[in-house]
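User: I have a structure open and would like to talk it through. Can we start with the terms?

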Amino acid sequence: MKTAIIFASSHGTTEKVALQIQSELGSNTVLINLKQTKTIDLAPFDTIVIGGSIHAGQMQGRVKSFCKKNLVELLKKRVALYMCGMNEPDFETEFSNAFPELLRKHAITSKCVGGEFLFEKMNFIEKFIVRKVSGVDTNVAKINEDRVKELINDLKK
Ligand SMILES: Cc1cc2nc3c(=O)[nH]c(=O)nc-3n(C[C@H](O)[C@H](O)[C@H](O)COP(=O)(O)O)c2cc1C
């Protein structure tokens with residue numbers, strides 16, 4: 001079974017989770033970064049994992065357009081979804097807005113896996129927003145390893 005992990009990552013956290021999933025699933029798993037790849041041929045893959053992160057309440061546009069553009073084909077595959085974010089009380093709403101309803105219902109597993117604030121990767125405005133909204137000004141690591149493991153286990157079933 002061939003798996004593609006298709007993701008977008010602004011500061012590297014979604015990519016880190018993608019790499020962890022890839023290392024657990026083994027050699028038949030490829031990573032596809034939506035920032036670097038315009039057209040993706042989904043035909044060779046049985047399983048598609050889609051990951052992205054939330055900034056100012058929204059999933060990356062690249063992830064949203066990928067899902068919209070490929071919805072019909074994705075509904076014929078085994079699909080897993082994950083989202084990185086730091087505002088746990090909003091996860092449900094953020095996740096609902098991030099992925100189309102049909103895809104959410106079709107997915108074999110969906111996880112909000114937390115995230116990180118990495119100040120060295122943020123620009124001036126991002127630092128300002130995070131300080132103001134979250135009240136922190138140093139790095140915070142809150143990847144929920146249990147949820148990442150659950151996602152991996154669901155994919156291995
Ligand atoms: C400017 C900024 C805005 C953010 N806004 C939100 C938000 O609205 N909701 C949320 O859950 N997380 C928010 N986050 C947290 C990110 O989702 C988190 O940093 C995530 O790990 C980023 O993953 P990435 O590096 O793969 O893009 C924000 C982070 C930054 C830097």
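Analyst: Two residues are in contact if their C-beta atoms, placed from the backbone, lie within 7 Å. The model is predicted: local features need pLDDT of at least 70, side-chain atom pairs count only at pLDDT 80 or more, and totals for chains, interfaces and linings use all residues. Residues are numbered from 1 along each chain as its sequence is written.

User: What share of contacts with a separation of 6 or more comes from residues 24 or more positions apart?

Analyst: In the protein chain, 78%.

User: How many helices and strands?

Analyst: Seven helices and eight strands, taken as DSSP runs numbered from the N terminus (helices H or I, at least four residues; strands E, at least two).

User: Which residues of H2 are buried?

Analyst: In helix H2 (residues 61–69), Val-63, Phe-66 and Cys-67. Buried means 20 or more other C-beta atoms within 10 Å of the residue's own, exposed 12 or fewer, partly exposed in between, with C-beta atoms placed from the backbone.

User: Why are they on the same side of H2?

Analyst: Because they cover an arc of only 95 degrees around the axis, judged by the directions from the helix axis to the C-beta atoms. On the other side of H2, Gly-61, Ser-65, Lys-68 and Lys-69 are exposed.

User: What covers the buried residues of H2?

Analyst: The cover includes strands S1 (3–7), S3 and S4 (58–59), plus helices H3 (71–74) and H5 (101–106).
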